[in-house]
Amino acid sequence: MTKIKQKHEPAPDTAKVADRLHSAAIHLLRRVRKQDAATGEGPARLSALSVLVFGGPMTLGELAAAEQVRPPTMTRIVTGLERSGLARRMADPSDSRRVRIRATGKGARLLQRGRKRRIEYLARHLEVLADEEAEALKTAVRILEKLLEQWI
């Protein structure tokens with residue numbers, strides 16, 4: 001694969017594929033996210049918890065930036081995660097004036113169970129594919145993973 005060309009109009013066929021992929025990705029995520037209701041936590045909390053579980057401890061500002069929300073919004077989200085025992089604030093070992101937020105073991109387990117539910121739900125729906133469709137989807141996933149690895 002080649003690097004993405006900067007600031008040009010994509011070919012019409014490429015734009016159509018991008019539009020369809022965008023729409024499909026949104027619909028797919030919405031459908032599997034319905035499994036998250038079983039956690040008892042809302043989407044904003046689960047998303048922030050996911051960033052902490054997979055990205056490690058971070059400051060409130062870093063977490064807010066990762067989630068594309070303002071710090072006051074993230075403060076409310078983190079407070080809710082703390083109340084549920086899913087995250088904890090701790091002093092930054094390199095700067096005692098800073099606070100870092102980290103997922104607790106309970107938070108990591110909750111997130112892993114949710115991920116497992118989502119994957120099982122999606123896998124059940126993929127079982128209806130014909131063998132050649134399943135192989136085409138595997139190829140498409142490999143292509144997307146490769147594309148995302150080089151994404152700037």
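A crossing of two helices is called left-handed if the near helix is turned anticlockwise from the far one by less than a right angle, and right-handed if it is turned clockwise. Please note also that this is a predicted model.

**First stop: H2 and H5**

Select helix H2 (43–55) and helix H5 (105–126). H2 passes H5 in a left-handed crossing. The two helices pack at an angle of about 110°, and their axes are 10 Å apart. That angle makes H2 roughly perpendicular to H5, because angles of 65 to 115 degrees are counted in that class.

Now display the side chains where the two helices meet. On the H2 side, select Leu46, Leu49, Ser50, Val53 and Phe54; they meet Gly107, Ala108, Leu110, Leu111 and Gln112 of H5.

Remain with leucine 110, which lies in helix H5. Is leucine 110 buried or exposed? At 11% relative accessibility, leucine 110 counts as buried, because the limit for a buried residue is under 20%. Leaving out residues up to four places away in sequence, leucine 110 touches Thr39, Glu41, Leu46, Leu49 and Leu86. Draw a distance from the C-alpha atom of leucine 110 to that of serine 50: the two residues are 60 apart along the chain, and these atoms are separated by 10.0 Å.

**Second stop: H1 and H5**

The crossing of H1 and H5 is right-handed. Here the angle is about 115°, with the axes 9 Å apart. Leu28, Leu29, Arg31, Val32 and Arg33 in H1 meet Arg118, Tyr121 and Leu122 in H5.

Aspartate 36 is buried, with a relative accessible area of 11%. What does aspartate 36 touch, not counting residues up to four places away in sequence? The residues are Glu41, Leu46 and Arg118.

In soluble globular proteins, nonpolar side chains tend to be buried together. To see such a group here, select Ala48, Leu49, Leu52, Leu63, Met74 and Leu81, which touch the most other members of the largest nonpolar core, a set of 18 residues. At least two residues of this core are supplied by each of H2, helix H3 (60–67), helix H4 (71–83), strand S3 (95–103) and H5. Which element gives the largest share? H2 does, with five residues.

Centre the view on methionine 74. Apart from neighbours within four places in sequence, methionine 74 is in contact with Ala48, Leu60, Leu63, Ala64, Glu67 and Val69.

Select H3 and H4 together. They pack at an angle of about 105°, with their axes 9 Å apart. That makes H3 roughly perpendicular to H4. Leu60, Leu63, Ala64 and Glu67 of H3 form the contact with Pro71, Met74, Thr75 and Val78 of H4.

Now look along the axis of H3. Leu63, Ala64 and Glu67 are buried in this helix. They cover an arc of only 100° around the axis, so they lie on the same side of H3. An α-helix has 3.6 residues a turn, so residues three or four places apart point the same way. The buried residues of H3 are covered by elements including H2, strand S1 (58–59) and H4.

For contrast, select alanine 65, also in helix H3. Alanine 65 is exposed, with a relative accessible area of 55%. Then select alanine 140, which is 75 residues from alanine 65 in sequence and 30 Å from it in space, C-alpha to C-alpha.

**Last stop: glutamine 68**

Finally, select glutamine 68, in the loop between H3 and H4. Most residues other than glycine have a negative phi. Glutamine 68, although it is not a glycine, has a positive phi of about 60°. Is glutamine 68 buried or exposed? Glutamine 68 is exposed, with a relative accessible area of 74%.

Note on methods:
Residues are numbered from 1 along each chain as its sequence is written. This is a predicted model: local features need pLDDT of at least 70, side-chain atom pairs count only at pLDDT 80 or more; totals for chains, interfaces and linings use all residues. Side-chain values use heavy atoms; hydrogens and water are left out. A nonpolar core is a set of buried Ala, Val, Leu, Ile, Met, Phe, Trp, Tyr and Cys residues joined through side-chain atoms within 4.5 Å. Buried means under 20% relative accessible area, exposed over 50%, partly exposed in between (1.4 Å probe, protein chains only). Helices (H or I, at least four residues) and strands (E, at least two) are DSSP runs, numbered from the N terminus. Contact means heavy atoms within 4.5 Å. The arc is that of the directions from the helix axis to the C-beta atoms. Axes are lines fitted to C-alpha atoms, for helices over the stretch in contact, and angles run from 0 to 180 degrees between N-to-C directions. Angles under 35 degrees count as roughly parallel, over 145 as roughly antiparallel, 65 to 115 as roughly perpendicular and the rest as oblique.
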